[in-house]
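Visitor: I would like to go through this structure and ask what stands behind each label. Please show it first.

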Amino acid sequence: MTLPSSIDETVDLLARGSYVADRSLSTVVFLALKMGRPLLLEGEAGVGKTEIAKVLAQALGRRLIRLQCYEGLDTAAAVYEWNYQAQMIEIRLAEAEGVETRDELGKDIFSERFLIRRPLLQALEPSVEGPPVLLIDELDRTDEPFEAYLLEVLSDFQVTVPEIGTIHADNPPIVIVTSNRTREIHDALKRRCLYHWVDYPNAERELDILRLKAPQAPEELSQQVVAFVQQLRQMDLYKSPGVAETLDWANALTHLNALSLDANNVNDTLGTLLKYQDDIARVQGSEAARILEEIRMAASAAQ
């Protein structure tokens, strides 16, 4: 499928992948696709950053290549490594055949047929369906040296393998980089990307997401779930619930055959919504009852 030619087409493209995006996010996605620039998405965990890459791959019919970042990630796991076992077998066979020239043997064992391609190198390979979507997920979890290594990949879409040379992408991949901002990403890498902060959705958009992603939830329950979550995000919690937690909570309540929120089902299922005991202890009981009463009063006033 061809890339969208306007912001409206980008909105439609994301919607076909069941992603409810606001205008500003659709705009930066469109520009990243149009300009061929990597897109750096920052925001709290669970707000839908990773989902953007998945939806783009699905909607465009492209392969999704995901590099999940972690502390200690190196080039062997992210870019390439040599198939040492196959190289050793080749050396033994060459010795048995009487090959004694080191240069000749070196050229043979350090060729592309012994190269194991990891995600970054895979993303530079040509593909029949078009350039893949490369997701570099949670870059802030890596070390700064690896982040520095990415500069060549994201600026020139190439990787240098010392034994072979430089491997360059004829058609650059669509690159989505995500960060939960547990540390700051270096300015040099940010300059190579378009940037967007993915915030928590407002109540209207979150309700649209809930209707789309959890259609089995009763309408009244969905409205109350969104209102409750919106109230929680205004509190000073250790970790506010993201959209993913909102969906989990709505699904959990639906499995319990809940038609609306009450003190019992809220207190019994907070572990689906909040992931830290201190947050759960703060909300359970009187605080949950207060929020429920505010939701009921707001609903009565709206009628």
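Guide: Start with pairing: two strands pair if DSSP finds at least two bridges between them. Helices (H or I, at least four residues) and strands (E, at least two) are DSSP runs, numbered from the N terminus. In β9, L194 is the bridge partner of L39. This is a predicted model, in which local features need pLDDT of at least 70, side-chain atom pairs count only at pLDDT 80 or more, and totals for chains, interfaces and linings use all residues. Residues are numbered from 1 along each chain as its sequence is written, and side-chain values use heavy atoms, with hydrogens and water left out.

Visitor: What makes β1 and β9 a pair?

Guide: Four bridges join β1 (residues 39–42) to β9, and the two run parallel. The threshold is at least two bridges. They pair. L40 stands opposite Y195 in β9.

Visitor: How do you know that β1 also pairs with β8?

Guide: Four bridges join β1 to β8, again with parallel strands. L41 stands opposite T178 in β8.

Visitor: Which strands form the open sheet, and in what order?

Guide: The order is β2-β5-β8-β1-β9, with parallel pairing. The twist averages 20° from one strand to the next.

Visitor: Why are β2 and β9 called edge strands?

Guide: β2 (64–68) and β9 (194–197) each pair on one side only.

Visitor: What packs on the sheet?

Guide: Helix α3 (residues 49–60) does, touching β1, β2, β5 (133–137) and β8 (174–179). Contact means heavy atoms within 4.5 Å. The direction of α3 makes about 160° with that of β8. Axes are lines fitted to C-alpha atoms, for helices over the stretch in contact, and angles run from 0 to 180 degrees between N-to-C directions.

Visitor: Why is L40 called buried?

Guide: Buried means under 20% relative accessible area, exposed over 50%, partly exposed in between (1.4 Å probe, protein chains only). L40 has 0%, so L40 is buried. L40 is found in strand β1. L40 touches V177, S179, K190, C193, L194, Y195 and H196, not counting residues up to four places away in sequence. L40 and S179 are 139 residues apart in sequence, yet 7.6 Å apart in space, C-alpha to C-alpha.

Visitor: Which way do the residues of β1 point?

Guide: L39 and L41 point one way, L40 and E42 the other, and all are buried.

Visitor: Is R181 buried, partly exposed or exposed, and what about N257?

Guide: R181 has 43% relative accessibility, so R181 counts as partly exposed. N257 has 64%, so N257 counts as exposed. R181 is in the loop between β8 and α9 (187–190). N257 is in the loop between α12 (243–255) and α13 (263–273). Phi of R181 is near 60°, a positive value in a residue other than glycine. Phi of N257 is near 60° too, likewise positive in a non-glycine residue.

Visitor: Why is α1 called roughly perpendicular to α2?

Guide: The axes of α1 and α2 come within 9 Å and cross at roughly 105°. That angle makes α1 roughly perpendicular to α2. The classes are under 35 degrees for roughly parallel, over 145 for roughly antiparallel, 65 to 115 for roughly perpendicular, and oblique for the rest. I7, D8, T10, V11 and L14 of α1 meet R23, S26, T27, V29 and F30 of α2.

Visitor: Which residues of α1 are buried, and why are they placed on the same side?

Guide: In α1 (residues 7–16), T10, L13 and L14 are buried. They cover an arc of only 95° around the axis, so they lie on the same side of α1. The arc is that of the directions from the helix axis to the C-beta atoms. What covers the buried residues of α1 includes α2 (23–35) and α3.

Visitor: What makes a set of residues a nonpolar core, and how many residues has the largest?

Guide: A nonpolar core is a set of buried Ala, Val, Leu, Ile, Met, Phe, Trp, Tyr and Cys residues joined through side-chain atoms within 4.5 Å. The largest has 32 residues; L120, I136, L139, L150 and L154 have the most contacts inside it. Its largest share, four residues, comes from α8. L150 touches L120, I136, L139 and L189, not counting residues up to four places away in sequence.
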